[in-house]
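Hello,

Here is the structure I promised to pass on to you. Have a look at it first, and then read on for what turned up in it.

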Amino acid sequence: MSNIVVIAEARGGALKRPSLEAVTAALGLAKQTGGKVIAVLCGSGLDAACAELGKSGANQIVAIDGASFANYSGDAWAKAIADQCKAHAATAVLMAHTAMGKDLLPRVSAQLDGSVLTDTVELAFAGGAFTAKKPVFAGKATMTAKATKLPFCATLRPNNFAPATGGSGAEVQKVAAPGGDLLAVVKEIIAAAGGKTPLQEAKVVVAGGRGLKEAQHFKLIEDLAAAFGPGVAAVGASRAVVDAGWRPHGEQVGQTGKVVSPPLYFAIGISGAIQHLAGMRTARTIVAINKDADAPIFKVADFGIVGDAFEVVPALTKAIQALVAGK
Amino acid sequence: MDIVVCIKRVPATDTAIKIAADGKSIDPTGVNFELNAYDEFALEQALRIKEQLNAGSVTVVTIGPKDSKKQLDDALARGADKAVLLSTTEWMFDGAQTAAALAAWIKTVPCNLVLCGRQAVDSDNNQMAGNLAARLGFACVTEVGKLTLENGVFTAERDIEGAREVVTSKTPAVISCNKGLNEPRYANLKGIMAAKKKPFVEQPAQLGARGVEIQALTLPAARAAGKILGNGADAVPALIAALREQKAL
Ligand SMILES: Cc1cc2nc3c(=O)[nH]c(=O)nc-3n(C[C@H](O)[C@H](O)[C@H](O)COP(=O)(O)OP(=O)(O)OC[C@H]3O[C@@H](n4cnc5c(N)ncnc54)[C@H](O)[C@@H]3O)c2cc1C
Ligand SMILES: Nc1ncnc2c1ncn2[C@@H]1O[C@H](COP(=O)(O)O)[C@@H](O)[C@H]1O
């Protein structure tokens with residue numbers, strides 16, 4: 001028996017989509033190990049999230065539910081999850097590489113004294129060992145590594161596996177969330193203005209750079225993002241414009257910003273410096289709009305338009321609006 | 001407050017990475033190493049906390065090759081009180097192994113706060129803070145962009161998807177630092193001179209079992225050279241058509 005635990009994430013009662021991607025990866029591994037996939041999640045009021053997980057194809061769901069877990073507390077959650085991993089004799093523990101995954105999974109790995117690899121993009125079990133691929137050196141190289149210590153704990157880069165949908169309900173085991181002393185606890189979650197689509201979850205990222213010349217010209221970028229309809233696209237930025245104070249750091253894409261891997265990425269007025277590429281080169285389709293035909297961004301873009309953003313972007317926005325309206 | 005700042009030297013971010021003949025490591029020729037950018041925020045925050053409390057100590061530590069002394073000296077020159085090099089002959093990439101060794105060392109020194117960077121930009125693990133905290137039994141907040149300390153309790157803010165989390169944390173704690181936390185100071189001449197008289201300890205790292213073993217390091221397949229679809233707004237219809245053909249729209 002070599003079971004795989006997926007740590008699922010619910011926020012505001014709803015399951016996060018990258019958790020279903022992690023189930024897909026776990027099912028792939030379980031087929032090789034011959035074990036079961038057990039999805040474990042923490043929170044308060046988890047029934048809706050459990051129902052959604054039930055449809056994923058996971059064999060079993062463990063919901064650690066209770067008022068003491070209403071707010072995220074990495075120390076308490078990691079202990080409770082590690083206990084479940086032990087109880088189910090997990091040889092691998094997977095979680096999406098989200099803000100919570102990055103925070104929680106390393107702690108679980110330490111509780112279990114297992115191995116840890118983060119931001120993986122490929123996982124396999126062959127010849128009796130787990131192996132994984134992950135980008136290193138800001139995506140300038142890919143590392144293939146073999147786990148030499150179990151359980152093997154890994155986070156998975158979002159948008160890299162299809163979300164799992166192959167199930168028709170799974171047994172849900174409820175575990176009461178332990179009370180007790182929390183060392184660090186979330187006191188407040190301040191939502192970003194206007195309920196924006198999170199950059200790392202967006203299907204489309206429209207990123208702007210210094211080529212836009214002034215902060216207020218980012219309206220062009222915002223309009224193009226909005227044209228895709230609600231909840232589809234997010235605005236990104238190069239470091240040059242974040243440093244200039246035109247955009248918040250939360251929007252920075254690149255080595256010292258966020259790494260995104262959306263199906264579609266627009267780089268507008270962005271030269272394509274190596275540190276920027278580190279944050280977006282794994283996007284499935286990259287479009288560059290730049291007035292300099294020699295800009296390095298065209299070397300990684302799938303499609304390019306050489307031209308002035310102030311002329312091209314409004315035309316593109318209109319075309320996308322027409323397309324979305326027609327759907 | 002006795003603060004330990006974990007630092008790592010990493011290849012400069014504009015370095016072109018070449019794979020060594022063994023196929024598992026990078027070719028160090030021509031690579032310039034620098035202090036991991038996020039560790040600069042960690043060091044700066046440590047110095048500010050010491051200044052705020054007007055008490056305590058700041059110790060910088062790294063597990064790495066002997067050449068890491070350069071980055072430790074730089075940290076002393078910026079204001080750290082003491083530097084510790086836990087020396088190895090290898091490039092440290094294994095999260096479990098490094099965290100276990102660091103945690104074991106931290107347990108031997110007075111420490112109520114560990115500050116580290118969000119991630120080391122070589123292995124890009126982003127795992128150290130949580131791993132250390134769980135091993136030390138400390139509280140932990142990761143990827144912190146704002147930090148205040150009042151009456152021994154930290155209030156930290158961190159970005160999550162689409163929102164900002166406000167976390168309160170007791171001490172002892174491990175905190176990983178993100179960009180935006182502060183503007184790091186640089187060493188001045190006085191600091192560089194003072195650094196020469198500060199304690200520097202070097203001892204071999206006590207490394208336990210590996211958690212993972214590198215099998216290969218490869219360069220990513222170059223993206224096929226893009227297609228320039230035309231000039232100006234006239235090229236928009238061609239772009240829409242190309243994206244639809246790729247099912248990107
Ligand atoms: C340690 C370190 C970390 C870094 N981390 C990051 C990071 O995380 N993310 C990041 O993005 N950068 C990062 N950088 C910075 C990076 O090196 C570049 O400086 C930055 O990406 C440049 O931003 P840019 O492309 O917007 O600006 P520029 O390089 O100035 O490019 C502007 C582009 O706009 C084009 N342009 C001008 N006018 C127009 C117009 N009217 N229409 C269309 N195009 C136009 C120009 O041809 C040019 O290509 C980092 C640097 C260092 C040293
Ligand atoms: N070998 C090391 N020695 C000391 N500190 C380290 C080492 N590796 C990582 N760190 C610290 O842990 C942080 C996160 O690193 P990582 O989890 O490896 O991405 C870094 O920014 C450093 O502060």
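The largest share comes from β4(B), which supplies three residues. Please keep in mind throughout that this is a predicted model.

In total, 21 residues surround ligand 2, and the closest are B:Cys6, B:Asp39, B:Ile63, B:Ala120 and B:Asn126. Several contacts run to the protein backbone. A polar backbone atom of B:Ile63 is 2.8 Å from a nitrogen atom of the ligand, while a polar backbone atom of B:Gly117 is 2.9 Å from one of the oxygen atoms of ligand 2. For B:Gln127, a backbone N or O atom lies 2.8 Å from an oxygen atom of ligand 2. On its own ligand 2 would expose 480 Å², and the protein buries 98% of that. Where does ligand 2 sit? You will find it in the largest cavity.

Now for ligand 1, which lies between chains A and B. Around it are 27 residues, and those that come nearest are A:Lys213, A:Ser238, A:Thr256, A:Ser271 and A:Gln275. Two side chains make polar contacts with this ligand: a polar atom in the side chain of A:Lys213 is 2.7 Å from a nitrogen atom of ligand 1, and one in the side chain of A:Asn290 is 2.7 Å from an oxygen atom of ligand 1. The backbone takes part as well, with a polar atom of A:Gln255 at 3.0 Å from an oxygen atom of the ligand. Taken by itself, ligand 1 has 990 Å² of accessible area, of which the protein covers 80%. The elements that contribute two or more residues to its shell are α6 (239-243), α7 (274-277) and α9 (309-326), which belong to chain A.

B:Cys116, for instance, is in no disulfide: the nearest cysteine sulfur belongs to B:Cys6 and is 5.4 Å away, whereas a disulfide needs the two sulfur atoms within 2.5 Å. B:Cys140 is in no disulfide either, and its nearest cysteine sulfur, that of B:Cys116, is 7.5 Å away. B:Cys116 counts as buried because its relative accessibility is 3%, where the cut-off is under 20%. B:Cys140 is buried too, since its relative accessibility is 3%.

Back in chain B, helix α4 (residues 128-136) deserves a look. Why can this helix be called largely enclosed by the rest of the structure? Because eight of its nine residues are buried. They are B:Met128, B:Ala129, B:Gly130, B:Asn131, B:Leu132, B:Ala133, B:Arg135 and B:Leu136. Just after the helix comes B:Gly137, which takes a positive phi of about 75 degrees.

One last stop is A:Ala90, in strand β6 (residues 90-96) of chain A. Is A:Ala90 buried or exposed? With a relative accessibility of 12%, A:Ala90 counts as buried.

Enjoy exploring the model, and write back with any questions.

Best wishes

Definitions and conventions: Residues numbered from 1 in each chain as written. Chains lettered and ligands numbered in written order. Predicted model: local features only at pLDDT ≥ 70, side-chain atom pairs only at ≥ 80, totals over all residues. Heavy atoms only, no water. Buried < 20%, exposed > 50% of the residue type's maximum accessible area, 1.4 Å probe, protein only. Near = heavy atom within 4 Å. Polar contact = N/O pair within 3.5 Å; in protein donor to acceptor, adjacent residues only side chain to side chain. Areas by Shrake-Rupley, 256 points an atom, 1.4 Å probe, with all protein chains shown as cover. 1 Å grid on protein atoms, 1.4 Å probe; cavity = no way out; pocket = protein on both sides within 12 Å on 5 of 7 lines; lining within 4 Å. Sits in = over half its atoms within 2 Å of the grid points. Helix = DSSP H or I, 4+ residues; strand = E, 2+ residues; numbered from the N terminus.
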